[in-house]
Every structure is written in structure tokens, then in C-alpha cells.
Amino acid sequence: MEAFTPPPGATDAHAHLFGPPERYPYVAERSYTPETRTDVEYDAMLAEIGFSRGVLVQPSVHGTDNGAMLAAIARHPDTYRGVAIVEPGTPPKRLATLHARGVRGVRVQTAVVGGVPPSQLERLAAETHEFGWHVVLHLDRAAELLDIAPVLERMRNPFVLDHIARIRPKEGVDSPQFRTILRLLDEGRCYVKIASFLRLSDEPYPFLDSLPLVSAVVKARPDRVI
């Protein structure tokens, strides 16, 4: 197999840092308890694969305490950016401080315990729009996308549907959920993160039942694929 050399500026678009919990405690109510993973290990991984930049996404186990992520960005100000978890109603001055420290987006989720639910999406999007932030949506079930699609169409922020909006291959490209993704892609502010089919596929690696979903997204908007 021919070796692949990433282009200059290649960016890992989604990574979590965890702990160490004695310094950055985990929230009491959480869906999992991870092993400690620091920016030292992450930087070594980026160097190994030839990537020069990374996006740190706040994990649910740290809740709205973005301290570990912000500390890592401070140590790598030229190569790291962050997606935070913030509560609606966070003062603009605090949001401005997060922006100055490298945050460029917020995360909304139902897939795991912790963080901010989609019921707060519209308010959170409005409060962060002036900073140019995007919204990352981590859903538990693809059917949830049908409920929040009107909000996504109204709000002005760019947004990312993580894990292809949790659409399972057996739901298929003709499902209302997938047709909603294609409609949102037409709006021009939607990005789709194609990842984690090990959690969605009914087949073992290489998850061939997922190919129709991936191919349809790439065909529709190759410039909106993460």
C-alpha cells in the first residue's frame, strides 16, 4: 500500500481530552468514565499521522467546565481550537473570553449525559452567532433531527451533524431523517461529520452497509463533509 502524506495544514476535526480528573474533575452524572488522555498524547498522535492542527471538542464527562480544553489550547495556541459546552445565558463578556482563548463553537447533545440539550439550541445559537461560532450536534437518535430541523433552518450559525446525525444504515437514504440531512445541506450552513460507523453499522468492519449513506452525502455536498 502506498504511503499517504497529508497536505500542509491537515486538521483533525474532532478529539477529546480527558482529565487528569484530580485536576479537572468529571461530573457526577455521566455516561462513562474515560481513561486520562492529555494534550501531550494528542500532540504525539498528530505528529505520528502527519497532521499539524487539531480541534478539541469538550467531552460530556467534563460538563461545562472547559478548563482542560482551554489549558491545552493555551499550550498550543497556533495549532488547537476548541468546541465548548456552555450554558445558555452565559454573559457575552465570558463568551468573548472563550473566543479569545481559542473557542470557535459550542456542542449540543442528547447521546450522552452531560452538557446542553437541543431544547436550548435556538437560544444558544443566537447568543454565540456574533462570535462566528458554529454548533456541533451530537444526537442519540436520528429521529431527533426531524424535531430540531426547523430550528436549524432558522438559526444563522453554521452547524455540524456529528456521526452523520446517528442515522443507522438500516434506516437508509430514503428515510425522512436522511432526506432532512440532504435538505439541510442545501441550506449551505450544514456540515456532516462522517464517523463512528462502528456504533451504527449492523456489520463488522469495514461497515459496508454504511456506504450508501456516505456516498449520498459526498455526492450531495463534497465541500460539506468532515
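**Salt bridges in close-up**

The structure holds 9 salt bridges, and the model in which they are found is a predicted one. Several of these pairs are described in the legends below.

**View 1. The salt bridge between E35 and R37.** The side chains of E35 and R37 meet with a distance of 3.1 Å from N to O. Of the two partners, E35 counts as exposed, because its relative accessibility is 57%, whereas R37, at 37% relative accessibility, counts as partly exposed.

**View 2. The salt bridge between R168 and D202.** Here the side chains of R168 and D202 come together in a salt bridge, at 3.3 Å from N to O. R168 belongs to the loop between β6 (159–161) and α6 (176–187), while D202 belongs to the loop between β7 (190–192) and α7 (211–220), so the pair ties together parts that lie 34 residues apart in sequence. With a relative accessible area of 25%, R168 is partly exposed.

**View 3. The salt bridge between R224 and D223.** The closest N and O atoms of R224 and D223 are 3.3 Å apart, and the two residues form a salt bridge. R224 has a relative accessible area of 16% and is therefore buried, the cut-off for this class being under 20%; D223, by contrast, is partly exposed, with a relative accessible area of 43%.

**View 4. The network of E35, R37 and E41.** Salt bridges with shared partners join E35, R37 and E41 into one network. Included in this view is the pair of View 1, in which the side chains of E35 and R37 meet at 3.1 Å, N to O.

Conventions
Residues are numbered from 1 along each chain as its sequence is written. This is a predicted model: local features need pLDDT of at least 70, side-chain atom pairs count only at pLDDT 80 or more; totals for chains, interfaces and linings use all residues. Side-chain values use heavy atoms; hydrogens and water are left out. A salt bridge is a side-chain nitrogen of Lys or Arg within 4 Å of a carboxyl oxygen of Asp or Glu. Buried means under 20% relative accessible area, exposed over 50%, partly exposed in between (1.4 Å probe, protein chains only). Helices (H or I, at least four residues) and strands (E, at least two) are DSSP runs, numbered from the N terminus.
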